[in-house]
Amino acid sequence: GQSVALVVAVSFDIAERAARLVTVNYGAATKPAVIGIDDAIKQGSFHKGNKYMQQGYPLVKRGDVDSAWAKCASVVTGDVRTHGQCHFYMETQSVLVTPDEDGRVAIESASQGPTTVRKQVSVAINKPANKIRAGTRRCGGAFGGKISRNVPLATAVAVAAENIGLPVRSQLMRRQDMATTGGRHPTLARYKVGFSSKGMIDAISIDSFSDAGYTIDDTFGLLDMMQTMMDNAYFIPNYRTTAAALKTNTITNTDMRSPGVCSGVFMMENVIDRVAYETKLPPNKVREMNFYAEDGKQTTPIGDPLAYNQLQNVWEALKTQAEFVKRTAAVAAFNKANRWRKRGIYMTPVKYGIRQRGY
């Protein structure tokens, strides 16, 4: 998925045929390839922060997890994995760069962040930002894939336009777009959870590892979102989570719809299901037992107050409106009567924080 060259031609067909003639020769590898999460952890391949990008929440904790294990009736460990996901927006990455006779440059790109495009093109063509106008015709439907990953195409096309002094337009083929844009970060979570025989969770520890690819995009930002919202709807008195960005020899991954949050919530819900399995209790009973209280006295692990928590009221109202208990019984009856065909029904809470640190 790494771009190696840009072919400029008078038509799309000629450019496409010429691009297929490009060959790349690689020398002998000096290090083992790092492909995926397991390779990166084994080889200790991690991205580190710098003066421009820092991870705000590498560690989130509350209470004393290490001391709590001995007080728990049961303690289990496990892994949870989430895989990557492509955005598959209708319009692939596209850009039109038009230089004028006064040395200015106009850029039209399919972008969620025209300001970022303008800034990076300024660096790429060594031209002051006040000589560059960046815009987009319409917004919507990019799902995070055009926040930053349209920048590589925009800068490459801008360099071409500056060199030949003519407008240059590029739109990626679907296969090129999916190979070069990246997507949701694949993530591994290793957890340890302690709980009572009634399903009350007293302690949890989760170490998560996200595959950022070969460069950092918004990985630290989405890791912070995952860290600050992984608790989801549950108050756990002894709580500790860590998150790390892995460096692999694969395409750079990027934001995608609730970046980090989807993965974090999925991990926590898997832990809830594991507790239900171990205690032989209905999953929703375990959920309800561990919900944040509505008295407004509890806070999230990072200290955010929950003064207007209406989770339990909304939960009960939805159960009633959806006839959840009745439908659950109907599903159980169907599954008992059918050996090969099975049905399922599920109900999951979501706490999504809207604040300065979130999207």
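Q: How many nonpolar, polar and charged residues make up the lining of the second largest cavity?
A: In this predicted model, that lining has four nonpolar, three polar and two charged residues. C86, F88, Y89 and M178 are in the lining and count as nonpolar because Cys, Phe, Tyr and Met belong to that class. R174 and D177 also line this cavity, and they are the charged residues because Arg and Asp are classed as charged.

Q: Why is the contact between E16 and R20 called a salt bridge?
A: The closest N and O atoms of E16 and R20 are 3.3 Å apart. A salt bridge requires an Arg or Lys side-chain nitrogen within 4 Å of an Asp or Glu carboxyl oxygen, so the pair qualifies. E16 and R20 are four residues apart in helix α1, and therefore separated by about one helical turn.

Q: Is E16 buried or exposed, and how do you know?
A: E16 has 12% relative accessibility; the limit for buried is under 20%, so E16 is buried. R20, in contrast, has a relative accessible area of 59%, and exposed means over 50%, so R20 is exposed.

Q: What makes D66 and R240 a link between distant parts of the chain?
A: D66 forms a salt bridge with R240, with the closest N and O atoms 3.3 Å apart. D66 is in helix α3 and R240 is in strand β9, 174 residues apart. D66 is exposed at 52% relative accessible area, whereas R240, at 23%, is partly exposed.

Q: Which parts does the pair of R287 and E269 tie together?
A: The side chains of R287 and E269 meet in a salt bridge of 2.7 Å, N to O. R287 lies in helix α9 and E269 in helix α8, so the pair ties together parts that are 18 residues apart in sequence. Both R287 and E269 are buried.

Note on methods:
Residues numbered from 1 in each chain as written. Predicted model: local features only at pLDDT ≥ 70, side-chain atom pairs only at ≥ 80, totals over all residues. Heavy atoms only, no water. 1 Å grid on protein atoms, 1.4 Å probe; cavity = no way out; pocket = protein on both sides within 12 Å on 5 of 7 lines; lining within 4 Å. Helix = DSSP H or I, 4+ residues; strand = E, 2+ residues; numbered from the N terminus. Buried < 20%, exposed > 50% of the residue type's maximum accessible area, 1.4 Å probe, protein only.
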